Amino acid sequence: MPLDLICPAGSLVSLKTAIDHGADAVYMGFRDNTNARAFPGLNFDEAQAAEGLRYAHDRGRRVLLALNTYPQPDIWSRWTGAIDRAAKLGMDAVILADAGLMRYAVKNYPQLRLHLSVQGSATSYEAVNFYREHFGIQRAVLPRVLSLPQVENVVRHTDVEIELFGFGGLCVMVEGRCLLSSYCTGESPNTAGVCSPPKAVQWTDTPSGLESRLNGVLLDRYGKDEKAGYPTLCKGRFEVGGETYYAIEEPTSLNTLDLLPEMLKIGIAAIKIEGRQRSPAYVAQVTKVWRAAIDSVKKNAAGFTPAPAWQAELNKLSEGQSHTLGAYLNKLSEGQSHTLGAYHRPWK
Amino acid sequence: MNLSLGPLQYYWSRDDVLAFYGEAANWPLARVYLGESVCSRRHLLRLADWLALAEQLAGAGKEVVLSSQTLIESESDLKTLRRMVGDGRFRVEANEWGAVRLLSEAGVPFIAGPTLNVYNHETLDVLAGLGAQRWLPPVEMSRASLASLLERAPAAVETEVFAYGKLPLAYSARCFTARHYNLPKDDCQFRCLDHPDGLALATREGAPFLTLNGIQTQSAGVYSLIGELPALRELGVASLRLSPQSRHMGRVVDAFWTALAGEDGAAEKLARVMPGPAVDGYWHGRAGLEHAGLIPGGETRLTC
């Protein structure tokens with residue numbers, strides 16, 4: 001604090017890699033749909049979680065557990081069971097989205113530190129303070145839709161620590177308020193912990209190009225010279241008013257290195273790196289670059305410029321996509337590489 | 001079981017809005033939700049205008065509810081929200097948790113809107129304790145999940161279900177209508193006015209898929225539970241939300257009214273005035289864009 005570096009741990013190897021390369025904390029999930037990266041082959045059983053915690057704590061770092069899907073009524077105990085295990089294991093915090101689950105956690109484990117997940121969709125200090133007053137949350141992760149001045153306004157009006165996404169996949173919709181995936185496939189992040197699930201993806205080589213489909217719905221068609229990306233629903237090309245284009249969002253990802261001095265100045269507590277589904281090698285490289293960048297901005301914020309080598313390293317990792325600053329810095333021309341997302345945009 | 005007119009999702013001219021609600025005063029509705037819940041840039045009716053409309057509709061015997069903005073971004077959004085809560089004449093539907101905070105602090109009963117993400121009985125119980133008197137499940141909730149929730153739910157809260165209209169699926173800080181016209185959001189030239197039922201988005205092979213409505217993304221399919229009234233009654237659902245469309249809304253209300261009265265032909269009446277293909281996959285635990293009537297074994301529930 002401030003600007004703690006929070007890195008993704010989809011596996012024990014990734015967890016150790018992130019710690020070794022300078023993460024202040026890692027976040028992980030259990031191996032079921034209690035977290036928003038419920039992908040096959042990912043996440044932790046109890047023994048692995050215990051080993052991960054030991055590894056992190058031995059080195060003075062923290063482990064956060066994402067329990068950020070919305071519990072289903074008939075299997076409510078799956079989520080409360082996860083809270084019980086988190087407390088027993090000694091997790092440094094649990095990241096929750098559901099108010100009912102927060103109440104359970106506070107009632108049964110008053111010492112357990114609670115973070116409000118980005119899936120909780122809190123975009124104002126009134127919402128953040130609601131969770132503070134009722135459940136004592138200590139940190140909130142804000143959706144990637146606010147501009148930096150709007151983020152600053154939230155920080156000014158709350159005691160809750162604010163965490164922002166800094167790098168990786170970019171949701172253009174308010175997290176927790178997007179049902180596009182379940183409309184198309186039956187499974188959404190809120191309930192199933194997945195968006196555009198791999199099992200619904202189908203690739204077909206056709207005379208008119210390589211086609212990607214999600215549960216049969218055509219998301220895109222690629223020409224010979226075009227590079228095909230993972231078919232995330234909102235990043236497909238569609239027809240609107242007779243034009244075919246990226247009607248919702250280009251296949252970009254978020255990179256906010258340029259904004260670090262401002263984030264430090266407004267008092268952001270932590271920067272989250274997206275990507276529990278990515279490889280340990282990816283985690284190593286991203287963590288290394290962000291550790292160096294955060295150390296550098298803390299040493300000399302006024303003189304901070306992202307080293308070209310950092311940007312080059314991050315560009316190599318971006319799945320052939322361009323980077324964006326997300327909503328943080330919103331511009332009309334969103335097709336450019338290296339924009340800052342919603343954090344920086346001229347309009348209110 | 002009675003009928004509610006949901007908040008207007010689109011941006012219409014002032015005359016069209018006033019004419020619409022002028023007619024709505026005569027429809028067989030128990031209540032009407034009013035206000036701009038989608039985009040803060042839509043200003044042809046200000047809060048004061050909505051309040052005046054609310055008085056008129058209340059005078060016509062409707063219960064009136066003010067629907068709060070779903071995505072709060074700025075201090076001025078909060079100012080509008082505080083004025084809505086502070087007015088005190090009408091109930092408010094909270095569509096995010098900042099509104100829940102203000103309403104519970106004010107100590108007034110409220111309606112818990114569908115974007116509060118109430119997926120289980122425990123969260124509903126939290127809201128009931130804070131003053132929620134009616135709630136709506138998320139539009140993606142299946143009949144089976146709702147049944148399971150209601151078995152365990154606090155008895156004092158009434159359930160309203162989104163039963164008709166294009167489904168509100170997502171909200172963003174970006175405006176996809178402005179994007180279509182290559183305009184920045186802060187100079188959108190209010191192009192939503194040209195699309196009274198939203199802007200159709202199709203796949204590259206021409207299949208209707210979604211509807212762009214400013215910062216909101218809706219389904220292209222029109223959700224309809226008109227064939228599910230027995231199931232809804234059995235669950236104890238108190239009211240059905242019908243979401244406004246620009247044409248034939250009176251006939252939509254009439255079709256549901258006919259169906260509630262148990263008369264024949266309501267579904268056929270409705271089919272003639274729907275602005276897109278019927279979908280009901282969500283209700284059956286399937287992909288939202290599916291229509292269970294068209295799927296063999298349509299009752300199968302996806303595991304979650």
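**Figure 1. Contact of helix α4(A) with helix α5(B) in the predicted model.** A:Ala99, A:Gly100, A:Arg103 and A:Tyr104 in α4(A) meet B:Glu122, B:Thr123, B:Asp125 and B:Val126 in α5(B); two residues are in contact if their C-beta atoms, placed from the backbone, lie within 7 Å. By class, three nonpolar, two polar and three charged residues take part in this contact. Ala, Val, Leu, Ile, Met, Phe, Trp, Tyr, Cys and Pro count as nonpolar, Asp, Glu, Lys and Arg as charged, and the others, Gly among them, as polar. Axes are lines fitted to C-alpha atoms, for helices over the stretch in contact, and angles run from 0 to 180 degrees between N-to-C directions. Helices (H or I, at least four residues) and strands (E, at least two) are DSSP runs, numbered from the N terminus.

The model is predicted: local features need pLDDT of at least 70, side-chain atom pairs count only at pLDDT 80 or more, and totals for chains, interfaces and linings use all residues. Residues are numbered from 1 along each chain as its sequence is written, while chains are lettered from A and ligands numbered from 1 in the order in which they are written.

**Figure 2. The contact between chain A and chain B.** Chain A contributes 60 residues and chain B 56 residues. Elements of chain A that each supply at least two residues include α4 (99-108), α5 (125-135), β11 (217-222) and β12 (238-240). On the side of chain A that touches chain B, 31 residues are nonpolar, 19 polar and 10 charged. Strand β12(A) pairs with β8(B), residues 199-202, in the antiparallel sense over two bridges; strands pair if DSSP finds at least two bridges between them. A:Val240 has B:Leu201 in β8(B) as its bridge partner.

**Figure 3. An open sheet of three strands in chain A.** The strand order is β9-β10-β11, with antiparallel pairing. Both β9 (201-206) and β11 stand at the edges with a single partner strand, so one side of each has no neighbour in the sheet. From one strand to the next, the twist averages 25 degrees. Six bridges join β9(A) to β10(A), residues 209-214, in the antiparallel sense. A:Thr204 has A:Glu211 in β10(A) as its bridge partner.

**Figure 4. Packing of helices α1(A) and α2(A).** Helix α1 (residues 12-20) and helix α2 (residues 46-58) of chain A pack with their axes 10 Å apart, at an angle of about 10 degrees. This angle makes α1(A) roughly parallel to α2(A). A:Leu12, A:Leu15, A:Lys16 and A:Ile19 in α1(A) meet residues of α2(A), among them A:Tyr55 and A:Ala56. The contact comprises five nonpolar, two polar and two charged residues.

**Figure 5. Surroundings of B:Ala266.** B:Ala266 is found in helix α10 (residues 266-271) of chain B. It counts as buried because 20 C-beta neighbours lie inside 10 Å; a residue is buried with 20 or more other C-beta atoms, placed from the backbone, within 10 Å of its own, exposed with 12 or fewer, and partly exposed in between. Leaving aside neighbours within four places in sequence, B:Ala266 is in contact with B:Ile226, B:Ala255, B:Thr258 and B:Ala259.

Definitions and conventions:
Angles under 35 degrees count as roughly parallel, over 145 as roughly antiparallel, 65 to 115 as roughly perpendicular and the rest as oblique.
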